[in-house]
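Please look over the sequence and the model shown below before reading on. The report that comes after them is meant for someone meeting this structure for the first time.

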There are 2 protein chains.
Amino acid sequence: MKFGDEEHLLGIAQVNSLWGELRGLSALALAHGIDDIFQDNGAKVLQQLVIANLKLLPGREGNDAIDEDGQEWEMKSANVEKVSGYSTHHHLNKVILAKYRTVPWLFSVYRHIELQTIYAMKPEWLEPIFAVWQSHLEGTKVSRGKAVPAVLAINNPKIPLKFVAENGVCIFDREQGLGPFSPSAALRSSYR
Amino acid sequence: MKFGDEEHLLGIAQVNSLWGELRGLSALALAHGIDDIFQDNGAKVLQQLVIANLKLLPGREGNDAIDEDGQEWEMKSANVEKVSGYSTHHHLNKVILAKYRTVPWLFSVYRHIELQTIYAMKPEWLEPIFAVWQSHLEGTKVSRGKAVPAVLAINNPKIPLKFVAENGVCIFDREQGLGPFSPSAALRSSYR
């Protein structure tokens with residue numbers, strides 16, 4: 001189409017109209033400490049905070065949040081259409097790993113922009129994953145009979161979606177019409 | 001507030017309602033080759049494409065787009081509330097710089113999520129900036145009387161917002177109610 005023709009002008013009007021609808025979301029995000037809904041999954045983080053009744057802890061690395069009892073949480077989300085694991089940290093070292101072992105986790109699964117499920121996990125349930133990372137960091141990992149040299153940090157190791165779905169407690173499932181349930185209550189009442 | 005209390009449930013309803021409004025924007029973005037409006041400024045890129053009547057070139061590094069005459073453009077945007085310069089490339093080397101010198105540029109200024117102005121620039125107008133980068137890459141830069149060693153790449157050098165506002169042709173100004181004008185026509189008719 002030509003610049004300024006009817007199709008072009010209609011396209012501009014459509015975007016302007018859709019943009020107007022974003023302002024409410026942007027204002028709500030700002031009130032939750034998220035100043036850009038278009039960067040770093042800002043809008044998705046807002047959605048998870050509201051559903052799980054968590055507050056963002058500002059100025060922290062990652063998506064740390066705190067619940068009504070003062071318990072801190074690690075939050076992760078992933079788009080199942082694009083990845084098979086949750087991103088963690090671009091420079092995962094022993095300090096980060098130690099922190100990861102002290103807090104419960106909230107994992108959200110999206111299909112593009114649609115939230116599908118949320119799982120809560122105790123840190124000890126993630127130990128099979130953490131132990132592998134630790135062996136990397138300590139140089140105790142063995143591959144094909146050979147020791148793998150220790151590294152100071154691992155670049156963004158993933159937590160598989162499948163592992164979380166199999167080992168976490170589901171506190172929200174859109175298709176099944178399940179939840180949301182309180183993540184802390186769900187972990188407290190878990191038998192594992 | 002307590003998990004599941006009235007305030008919490010109202011918050012969830014509000015987010016659900018706002019989310020419904022995102023679906024139109026997300027669908028439009030997908031039609032323009034942008035598969036996530038919440039990552040890498042996806043929604044803002046969509047807005048610029050529609051306003052400037054450009055098409056995204058898929059699979060390219062950066063935000064390359066093409067206009068109705070087949071001319072390729074480099075697109076950049078920045079939030080004036082957060083930064084004072086446009087990000088360029090995390091690994092800017094001689095190959096990228098050579099490409100930057102061959103295409104016109106479209107620079108968008110946002111105030112948070114609100115588009116304020118768009119400027120078009122010929123690559124030769126950016127030469128004062130490019131020349132500095134080149135001196136870094138070639139090791140011909142001198143600082144305090146000493147030569148600075150050449151580097152293979154520069155990590156994300158910035159193009160100052162101020163430089164663009166002073167040297168570019170404005171094709172859209174929200175406050176002034178100006179435009180949008182065709183960026184290619186604006187460059188063709190520029191006296192500079």
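Predicted model: local features only at pLDDT ≥ 70, side-chain atom pairs only at ≥ 80, totals over all residues.

Residues are numbered from 1 along each chain as its sequence is written, chains are lettered from A and ligands numbered from 1 in the order in which they are written, and side-chain values use heavy atoms, with hydrogens and water left out.

## The interface

Chain A gives 42 residues to the contact and chain B gives 42 residues, where contact means heavy atoms within 4.5 Å. The area buried between chain A and chain B is about 4100 Å², and carbon and sulfur atoms give 60% of that area; buried area is the accessible area (1.4 Å probe) that two parts lose on being put together, summed over both.

## Helices packed across the interface

Two packed helices are described by the angle between their axes and the distance between the axes. Axes here are lines fitted to C-alpha atoms, for helices over the stretch in contact, and angles run from 0 to 180 degrees between N-to-C directions. Helices (H or I, at least four residues) and strands (E, at least two) are DSSP runs, numbered from the N terminus.

| Helix pair | Angle between axes | Distance between axes |
|---|---|---|
| Helix 1 of chain A and helix 2 of chain B | about 150° | 8 Å |
| Helix 1 of chain A and helix 1 of chain B | about 145° | 9 Å |
| Helix 2 of chain A and helix 1 of chain B | roughly 150° | within 8 Å |

Helix 1 of chain A and helix 2 of chain B are therefore roughly antiparallel to each other, a term that applies to angles over 145 degrees. Their crossing is left-handed, meaning that the near helix is turned anticlockwise from the far one by less than a right angle. Helix 1 of chain A contributes H8(A), G11(A), I12(A), V15(A) and W19(A) to this contact, and helix 2 of chain B contributes residues including K44(B), Q47(B) and V50(B). By class, the contact has 7 nonpolar, 3 polar and 1 charged residues, with Ala, Val, Leu, Ile, Met, Phe, Trp, Tyr, Cys and Pro counted as nonpolar, Asp, Glu, Lys and Arg as charged, and the others, Gly among them, as polar.

Helix 2 of chain A and helix 1 of chain B are likewise, by their angle, therefore roughly antiparallel to each other, and helix 2 of chain A passes helix 1 of chain B in a left-handed crossing.

Helix 1 of chain A also passes helix 1 of chain B in a left-handed crossing. Among the residues that meet there are L18(A), L22(A) and L25(A) in helix 1 of chain A and L18(B), L22(B) and L25(B) in helix 1 of chain B. The residues of this contact divide into 10 nonpolar, 4 polar and 2 charged.

## Salt bridges

A salt bridge is a side-chain nitrogen of Lys or Arg within 4 Å of a carboxyl oxygen of Asp or Glu. The count comes to 21 salt bridges over all chains, and 7 salt bridges are found across the interface of chain A and chain B. K82(B) forms a salt bridge with D35(A), with the closest N and O atoms 3.2 Å apart. D36(A) and K44(B) meet in another salt bridge, at 4.0 Å from N to O; this pair crosses between chains, from the loop between helix 1 and helix 2 of chain A to helix 2 of chain B.

## Local backbone features

The peptide bond from G179(A) to P180(A) is cis, with omega near 10°, and P180(A) is found in the loop between strand 10 and helix 6 of chain A. In chain B, a cis peptide bond joins G179(B) and P180(B), with omega about 10°. H112(A), a residue other than glycine, has a positive phi near 55°, and H112(A) lies in the loop between strand 5 and strand 6 of chain A.

Definitions and conventions. Parallel < 35°, antiparallel > 145°, perpendicular 65-115°, else oblique.
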